Amino acid sequence: MLRSVHHIALNVQDMQASCDFYGTLLGLHRLTGEEVPKTLVKLVAEGKVTNFRTPDGTILDLFWEPELTPPNPDPEQGFTRANHLAFDIAADRFEQAMALLRQADIDFSGPVIRPTGQGIYFYDPDGFMIEVRCDPA
């Protein structure tokens, strides 16, 4: 039986831009030293992988693929490497998240209002769709 998400692995073209996006802008904790999964220590040391921990403990692995083909500039076109990565946020911080994205000149769609809450959607530097969502207030 499945219990939870173990990790998410994404291929990225520009490791520094992606580290800035996930670590600085989104505030995820970058794994270093003993925190790095033992199976990835060599790749991390070679600069080919960077790991982050999400607020709920899920590990996000970024694999550097410098020859990665960029996504189609049309957001309606599917991007085959992933659909989206969703982050949960407290309802009382939702407006603050949108303000932070505006301040960073990150275009986003939404908020999309659903019975389960609301969400905004935007892209990381490699074209992966990111959702920031919250439960109903």
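What follows is a working chat about a predicted model of one protein chain.

Biologist: Before we start, what kind of model is this, and how are residues numbered?
Modeller: This is a predicted model, in which local features need pLDDT of at least 70, side-chain atom pairs count only at pLDDT 80 or more, and totals for chains, interfaces and linings use all residues. Residues are numbered from 1 along each chain as its sequence is written, and side-chain values use heavy atoms, with hydrogens and water left out.

Biologist: How many helices and strands does the protein chain have?
Modeller: The protein chain has three helices and eight strands, where helices (H or I, at least four residues) and strands (E, at least two) are DSSP runs numbered from the N terminus. Along the sequence they follow the pattern β-α-β-α-β-β-β-α-β-β-β.

Biologist: In what order do the four strands of the open sheet come?
Modeller: The order is β1-β4-β3-β2, with mixed pairing; two strands pair if DSSP finds at least two bridges between them. β1 (7-12) and β2 (29-30) each have a single partner strand and stand at the edges, so one side of each is left without a neighbour in the sheet.

Biologist: And how many bridges join β1 to β4?
Modeller: Six bridges join β1 to β4 (residues 59-64), and the two strands run parallel. Among the partners in β4, D61 is bridged to A9, while L62 is bridged to L10.

Biologist: In which sense do β3 and β4 pair?
Modeller: β3 and β4 pair in the antiparallel sense, over five bridges, and R53 stands opposite I59 of β4. The two strands form a hairpin with five residues between them, and in the turn G57 has a positive phi of about 95°.

Biologist: Switching to the helix, which strands does α1 lie across?
Modeller: Helix α1 (residues 15-25) lies across β1, β2, β3 (49-53) and β4, running at about 165° to β4; axes are lines fitted to C-alpha atoms, for helices over the stretch in contact, and angles run from 0 to 180 degrees between N-to-C directions.

Biologist: Which residues of α1 are buried?
Modeller: They are M15, S18, C19, F21, Y22 and L25, taking buried as under 20% relative accessible area, exposed as over 50% and partly exposed as in between, with a 1.4 Å probe and protein chains only. As background, an α-helix has 3.6 residues a turn, so residues three or four places apart point the same way.

Biologist: What about the two ends of α1?
Modeller: At the start of α1, a side-chain oxygen of D14 comes within 3.2 Å of the backbone nitrogen of Q16, and just after the helix G27 takes a positive phi of about 75°.

Biologist: Now R133: why does that residue count as buried?
Modeller: R133, which sits in strand β8 (residues 129-134), counts as buried because its relative accessibility is 18%.

Biologist: What does R133 touch?
Modeller: Leaving aside residues up to four places away in sequence, R133 touches F87, D88, I89, F94, T116, Q118 and G119, where contact means heavy atoms within 4.5 Å. The side chains of R133 and D88 are also joined by a polar contact of 2.4 Å, that is, a pair of N or O atoms within 3.5 Å, of which, within protein, one must be able to donate a hydrogen and the other to accept it, residues adjacent in sequence counting only if both atoms are side-chain atoms.

Biologist: Last one, how many disulfides are there?
Modeller: The count comes to zero disulfides, a disulfide being a pair of cysteine sulfur atoms within 2.5 Å. C19 is buried at a relative accessible area of 7%, and C134 is buried at 1%.
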